[in-house]
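This briefing concerns a pocket and a pair of packed helices. Please look at the structure below before reading on.

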Amino acid sequence: MEETFTQSLSINYIRVMASHMGDDTKEEFLRDFGEHYGYPNGPKSIDQIRATEFKRLQFQDLVYLDHAGATLYSDLQMESVFNDLTNNVYGNPHSQSDSSSTTFDIVKNARQQVLDYCNASPKEYKCIFTSGATAALKLIGEAFPWNCNSSFMYTMENHNSVLGIREYALGHGASAIAVDIEEDIHPGTGETLTTKMSLHQVQRRNVAGSLEGEPKGDVYNLFAFPSECNFSGWRFGLDLVKIIKEDSSKILGISSVCKNGQWMVLIDAAKGCATMPLDLSKYPADFVAMSFYKLFGYPTGLGALIVRNDAAALLKKNYFSGGTVSASIADIDFVKRREGIEELFEDGTVSFLSIVSLRHGFKILNSLTISAISKYAEFLDDMTDLTGCL
């Protein structure tokens with residue numbers, strides 16, 4: 001079972017299990033596994049949460065176990081969003097008005113809230129809003145400084161949206177390599193003791209054409225992995241970030257294509273952040289892709305790219321639109337791009353009403369606390385392994 005948070009997952013899970021066991025068996029089960037059941041220290045028990053926040057499940061007699069696909073939004077969350085949008089006036093943050101200034105401030109605070117969720121200092125990282133995790137990954141593929149000496153390396157367990165970055169790398173004459181990773185994880189602390197990496201065949205395309213006129217300069221490589229695999233639920237040790245960035249030769253030195261240049265790290269955290277946010281102060285990845293419906297169900301169509309400031313400075317963006325420029329002239333080849341990282345990479349007006357809604361989703365998570373959510377997801381996973389009911 002995939003380790004994905006939802007306020008209703010546990011009671012649905014217990015409900016499925018209860019249909020396979022008698023009352024005595026269920027009581028015995030709860031005695032053995034009940035320590036983390038139902039968020040005992042939360043504002044509401046899981047039974048109360050289901051009864052008050054997910055009434056639609058009871059009305060339709062549904063059991064929802066697809067939180068790897070999308071987390072369910074709660075009634076309380078949507079009531080808060082509705083009250084907010086119907087009692088306040090939010091204008092385009094690119095405009096000049098009181099309502100626009102209010103929206104601008106809320107968007108700014110939302111960026112900080114996203115950074116705080118991943119323990120990322122605003123002095124080192126910026127939050128770029130996108131239409132989802134896939135759009136964040138595509139942005140990296142389009143803007144990364146590829147050349148014929150670059151390498152794009154990615155774990156075999158990866159989302160298709162990460163694999164799609166390969167097209168940009170190969171199109172610029174860079175190499176692409178899939179890798180298998182074996183990790184020895186300490187059972188008590190979760191820390192990685194040893195890491196072994198085996199490389200698949202090197203993929204290349206259009207090498208001859210790319211070599212012609214190739215500019216000389218620094219070489220940048222990209223290593224991508226998910227914090228948690230969408231398919232298998234496997235969590236990779238985040239020590240990979242430090243290994244790749246600081247001592248890549250330890251596990252990459254076996255291949256001549258991987259010896260040149262500086263390595264940068266991309267984490268697809270769309271799924272993993274739902275139960276265990278990254279600590280970017282400890283694992284300083286260069287790029288992190290997120291999707292908010294994975295966290296709290298609503299809004300959909302909104303994600304973020306968290307990017308290190310020094311990494312953002314290397315990205316090359318051709319297209320400009322809306323607020324990404326300070327000035328442009330139609331009949332002269334002139335454009336002055338904005339200097340702010342967020343303004344430079346957010347094409348057009350951001351989905352500001354969706355961004356306004358983020359604080360209500362984070363409030364739901366904070367009321368339960370992410371530590372309790374993480375423990376609960378682990379409890380569900382262990383419960384599945386031991387009972388074998390699903």
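The lining of the second largest pocket holds 8 nonpolar, 9 polar and 7 charged residues; Ala, Val, Leu, Ile, Met, Phe, Trp, Tyr, Cys and Pro count as nonpolar, Asp, Glu, Lys and Arg as charged, and the others, Gly among them, as polar. The model is predicted: local features need pLDDT of at least 70, side-chain atom pairs count only at pLDDT 80 or more, and totals for chains, interfaces and linings use all residues. Residues are numbered from 1 along each chain as its sequence is written, and side-chain values use heavy atoms, without hydrogens and water.

**The pocket**

- The second largest pocket contains about 560 Å³ of space.
- A pocket is an open set of points on a 1 Å grid with protein on both sides within 12 Å along at least five of seven lines, and lining residues have an atom within 4 Å of a point.
- Among the 24 lining residues, F104, V107, R111, E342 and E343 are the closest to the centre of the pocket.
- Two or more lining residues come from each of α6 (98-117), β1 (125-130) and α15 (341-345); helices (H or I, at least four residues) and strands (E, at least two) are DSSP runs.
- With 8 residues, α6 supplies the largest share of the lining.

**The helix pair**

- The axes of α6 and helix α16 (residues 352-368), which are lines fitted to C-alpha atoms, come within 9 Å and cross at roughly 40°.
- Therefore α6 is oblique to α16, since angles under 35 degrees count as roughly parallel, over 145 as roughly antiparallel, 65 to 115 as roughly perpendicular and the rest as oblique.
- The residues of the contact (heavy atoms within 4.5 Å) between α6 and α16 comprise 11 nonpolar, 3 polar and 1 charged.

Definitions and conventions
On a 1 Å grid over the protein atoms alone, a cavity is a set of points where a 1.4 Å probe fits but cannot get out, and a pocket is an open set with protein on both sides within 12 Å along at least five of seven lines; lining residues have an atom within 4 Å of a point. Grid points are joined across faces, edges and corners, and a volume is the space filled by probe spheres set on the points. Axes are lines fitted to C-alpha atoms, for helices over the stretch in contact, and angles run from 0 to 180 degrees between N-to-C directions.
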